Amino acid sequence: MKINAKYRNVIFAFLMAFSISMLISFILVSINVGYNNIFLQAWLKNWGMAFIIAFFGAYFFPRFAQKIMGKIVFVEKPSKKSKSAPLS
């Protein structure tokens with residue numbers, strides 16, 4: 001399947017929102033409602049709302065996170081092996 005590269009972020013956000021909202025809403029409805037005759041209806045309703053919220057979050061939040069990450073300076077912790085005496 002070939003898709004224009006300009007849709008990469010939208011497709012990534014869709015897939016992340018789809019899977020995460022499905023999992024979280026399933027677990028929360030299982031805990032709050034239990035497995036009974038209204039489980040499926042309650043889960044699908046909650047999943048639909050959760051997906052809409054999760055999609056916008058998955059699409060817009062990474063941009064802000066990247067800006068914050070750009071301001072953080074990451075350094076490698078020196079390994080103990082590299083502390084050897086210099087050769088003279």
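Me: Helices are DSSP runs of H or I with at least four residues, strands are runs of E with at least two, and both are numbered from the N terminus. Which helix is the place of S19?

Reply: S19 lies in helix α1. This is a predicted model, where local features need pLDDT of at least 70 and side-chain atom pairs count only at pLDDT 80 or more, while totals for chains, interfaces and linings use all residues. Residues are numbered from 1 along each chain as its sequence is written, and side-chain values use heavy atoms, with hydrogens and water left out.

Me: How many helices and strands does the chain have?

Reply: Two helices and zero strands. With a radius of gyration of 22 Å (over C-alpha atoms), the chain is well over the 12 Å from the globule rule for 88 residues (2.2 Å times the number of residues to the power 0.38), so it is more spread out than a compact globule.

Me: What box do the C-alpha atoms fill?

Reply: Roughly 80 × 35 × 30 Å, taken along the principal axes.

Me: What about I24 and K2, how are they placed?

Reply: They are 22 residues apart in sequence and 30 Å apart, C-alpha to C-alpha. I24 also sits in α1, and is partly exposed at 45%.

Me: Which residues make the nonpolar surface patch?

Reply: F12, M16, I20, L23, I24, F26, I27, L28, I31 and Y35, with about 990 Å². Patch residues have over 30% relative accessible area and no salt bridge; like charges are joined within 9 Å, and nonpolar side chains (Val, Leu, Ile, Met, Phe, Trp, Tyr) within 5 Å. A salt bridge puts a side-chain nitrogen of Lys or Arg within 4 Å of a carboxyl oxygen of Asp or Glu. Areas come from the Shrake-Rupley method with a 1.4 Å probe; for residues, only the protein chains shown count as cover.

Me: Last one: what share of contacts joins residues at least 24 apart?

Reply: 56% of the contacts (heavy atoms within 4.5 Å) between residues at least 6 apart in sequence.

Technical notes: Buried < 20%, exposed > 50% of the residue type's maximum accessible area, 1.4 Å probe, protein only.
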